[in-house]
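Thanks for passing this one along. Below are a few friendly notes, in numbered points, to read beside the structure.

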Amino acid sequence: MEHYHMNLNLKVWRQKNTNTKGDFKTYQVKNISSEMSFLEMFDVLNEQLITEGEEPVAFDHDCREGICGMCSMYINGKPHGPWQANTTCQLHMRAFKDGDTIVVEPWRANAFPVIKDLTVDRSSFDRIIQAGGYISVNTGNAVDGNALPINKDNADNSFAAAMCIGCGACVAACKNSSAMLFLSAKVSHLALLPQGEPERKSRVMNMVAQMDKEGFGACTNTGACEATCPKEISLTNIARLNSEYLGASLSADK
Amino acid sequence: MTWKQVFTSSVGKKLVMGLTGISLVLFLIVHAGINACIFADLVDPEENGAMFNKAAHFMGSTVLIRIMEIGLFAGIILHIYQGYLLTLENKQKRAIGYAVTYKDGSKWYSRSMGLLGTLILLFLILHLYHFWVSARFTHQGLDPVTYNGIEMHNMFALMKVTFSEWWIIAVYSAGCISLAYHLAHGFQSAFRTLGVYNNRYTLMLTSIGYAYSIIIALVFILMPISFKMGWIG
């Protein structure tokens, strides 16, 4: 692959904190290598801002290996940028060309308030998990891994759902700011396994209730979440969640 | 969890949309089927709408169908009310919008169900005024016609008069095209909302949904055009 350098215009959302109003600021970065990752390009921008005596841009990142779900930029109108099944940290500058203008915004949803610049508070996801994303496990010696027979299809589908890294791109992409793809991945992951059976009904009811409490929107099955998900979580999980919810509601005791 | 909690949750509200939507899908099959009786004229020009008038009379004269009509209106009103409620609530979940909107991941009609629904509602008001209000209440423009000694409304003649103007045909066609796009998303989305997740069925329902949307819209659009072009009536 050809290696090249580029000069770019960056239109970046700057916001001091949750309570202040933010706006876009334009910056130029020069001599950016096509081999750099998008976050490395932001590191270059921040070095430049520090040298110029300006506040560096705050953005979330951790593993920079595409597995932790911390990075969260909305780049040129798409969460995690133009590539498919990709996180911002794994987006490389060869996706852009010399002279491009790149618009970078934070995830926008009332349930994800901006902490600073491109950093948003995604603790609402943690609270949804706390509401039911767990299983009961007996204490004592670890159970043999193969003690419980699990259907291969269920194991595969459960694993595919468990791939969700909770980055919030689904919420960012959804016109309704719905967290249904995230929630459905978490519910499917456990509902498909025998280990998830004891809390199966209460889990889905409690997690949906918590999602609504956090201020996420309702799903209208547009598919934008699936199209932008870095882990390619399937929309099928949302239908499964609906099935779980309906089943739990109909068979509830009171 | 109480029923109220279930049906006022984000998933429950969608369940109401899906259930009322599917009932309206079923109604449209009946509606299109009965109205398609006008095409009997293509086979027998002497028919002059007799089959359709008899079918329309049957629909208006049976108690059971009158009761079903109340259910139909309740379903439509609930679908409209819940639809607007969801659209407004969902919009409010993002106080600050994006500078660049994400459009590639979804179809425009999937994102525009509120707009398409509003267009259908505007069309529906005109449509009910033309036929339903006339047949049930005012009898305006309705001549009696007698078959086998039974007097009934000549709905066929009313259709012919109504569809003599191009602007009405244009509005009806626009209404039906809006309906086709609304159904193209709504049909498969309703089943997903009801929890149909098996690939075997979702693929089938998506295909049926597209076919249904196109066929229903075409059958309805063909009616005013057939009158105007003089193919029937």
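1. Let me start with helix 5 of chain A, which is mostly covered: twelve of its twelve residues are buried. Please keep in mind that this is a predicted model.

2. You can go through the helix residue by residue. The buried positions of helix 5 include Met180(A), Leu181(A), Phe182(A), Leu183(A) and Val187(A). Ser184(A), Lys186(A), Ser188(A) and His189(A) are buried in helix 5 as well.

3. What covers these buried residues? The cover of helix 5 includes helix 2 (123–132), helix 3 (152–162) and helix 4 (169–173) of chain A. Helix 6 (200–214), helix 7 (224–228) and helix 8 (236–250) of chain A also belong to that cover.

4. The geometry of helix 5 (residues 180–191) is worth a glance too. From first C-alpha to last, its twelve residues reach 15 Å, close to the 16 Å expected at 1.5 Å a residue.

5. Stepping back, chain A is divided into domain 1 (5–105) and domain 2 (123–250). The C-alpha centres of these two domains of chain A lie 30 Å apart.

6. How do the domains of chain A meet? Twelve residues of domain 1 are in contact with ten residues of domain 2. On the domain 1 side, the touching residues divide into five nonpolar, six polar and one charged.

7. Finally, a word on confidence. The predictor gives the complex an ipTM of 0.91 and a pTM of 0.93. For chain B, the mean pLDDT is 94, and 100% of its residues reach 70 or more.

Methods: Residues numbered from 1 in each chain as written. Chains lettered and ligands numbered in written order. Predicted model: local features only at pLDDT ≥ 70, side-chain atom pairs only at ≥ 80, totals over all residues. Helix = DSSP H or I, 4+ residues; strand = E, 2+ residues; numbered from the N terminus. Expected span 1.5 Å × (residues − 1). Buried ≥ 20, exposed ≤ 12 C-beta atoms within 10 Å, placed from the backbone. Contact = placed C-beta atoms within 7 Å. pLDDT = per-residue confidence, 0-100. Domains from an automatic or database assignment. Nonpolar A, V, L, I, M, F, W, Y, C, P; charged D, E, K, R; others polar.
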